[in-house]
Amino acid sequence: MHGSGGNEDDLLPLAERIAPGHALVSPRGQVNEDGITRFFRRAADGAWDSDDLKLRTEQLADFLRNARGAYGLPKPVVLGYSNG
């Protein structure tokens with residue numbers, strides 16, 4: 001899971017080194033704040049938007065459940081950075 005301003009490609013080289021030969025699922029954060037891609041919103045002062053964090057967490061969990069079912073993937077190990 002990429003950090004603020006990143007994309008789904010950022011951590012793939014690291015993930016491939018950590019788990020060579022394993023399936024990798026790398027979603028892009030769905031929040032765009034002034035061109036900065038994130039997984040959840042922040043308030044103007046930089047504080048987390050707790051309601052949005054809860055919503056985005058549920059959406060990401062649904063995405064992972066669907067991907068696991070569609071591709072027969074095992075329980076995931078999550079790698080993230082910053083906002084990811």
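Mentor: Let us begin with burial. A residue is called buried under 20% relative accessible area, exposed over 50%, and partly exposed in between, with a 1.4 Å probe and protein chains only. His-2, at 3% relative accessibility, counts as buried. This is a predicted model, in which local features need pLDDT of at least 70 and side-chain atom pairs count only at pLDDT 80 or more, while totals for chains, interfaces and linings use all residues. Residues are numbered from 1 along each chain as its sequence is written, and side-chain values use heavy atoms, with hydrogens and water left out.

Trainee: Where does His-2 lie, and which backbone atom does the side chain of His-2 reach?

Mentor: His-2 belongs to the segment before H1. The side chain of His-2 comes to 2.9 Å from the backbone nitrogen of Gly-29.

Trainee: How many helices and strands are there in the protein chain?

Mentor: Helices (H or I, at least four residues) and strands (E, at least two) are DSSP runs, numbered from the N terminus. The protein chain has 2 helices and 2 strands, and the order from the N terminus on is α-β-β-α. Along the principal axes, the C-alpha atoms fill a box of roughly 40 × 25 × 15 Å. Of the 84 residues, 21% count as buried.

Trainee: How should I read the contacts of the protein chain?

Mentor: A contact means heavy atoms within 4.5 Å. Among contacts between residues at least 6 apart in sequence, 53% join residues at least 24 apart.

Trainee: How many salt bridges does the structure hold?

Mentor: Side chains of opposite charge can pair when their charged atoms come close. A salt bridge is a side-chain nitrogen of Lys or Arg within 4 Å of a carboxyl oxygen of Asp or Glu. The structure holds 5 of them. In one, Glu-8 pairs with Arg-28, with 2.6 Å between the closest N and O atoms. This pair links distant parts of the chain, 20 residues apart: Glu-8 is in the segment before helix H1 (12-18), and Arg-28 is in the loop between H1 and strand E1 (31-33). Both partners are partly exposed, Glu-8 at 22% relative accessibility and Arg-28 at 42%.

Trainee: Which residue meets Arg-38 in a salt bridge, and is Arg-38 buried or exposed?

Mentor: The partner of Arg-38 is Glu-33, at 3.4 Å from N to O. Arg-38 is buried, with a relative accessible area of 14%.

Trainee: Which residue forms a salt bridge with Arg-41?

Mentor: Asp-52 does, with the closest N and O atoms 2.9 Å apart. Here too the pair links distant parts of the chain, 11 residues apart: Arg-41 sits in the loop between strand E2 (36-38) and helix H2 (50-71), and Asp-52 sits in helix H2. Arg-41 is partly exposed at 38% relative accessibility, whereas Asp-52 is buried at 5%. Through shared partners, salt bridges join Arg-41, Asp-52 and Arg-56 into one network.

Trainee: What does the backbone angle phi show at Asp-34?

Mentor: Most residues other than glycine have a negative phi, and most peptide bonds are trans. Phi of Asp-34 is near 55 degrees, a positive value in a residue other than glycine. Asp-34 is in the loop between E1 and E2, and at 82% relative accessibility Asp-34 counts as exposed.

Methods:
A polar contact is a pair of N or O atoms within 3.5 Å; within protein, one must be able to donate a hydrogen and the other to accept it, and residues adjacent in sequence count only if both atoms are side-chain atoms.
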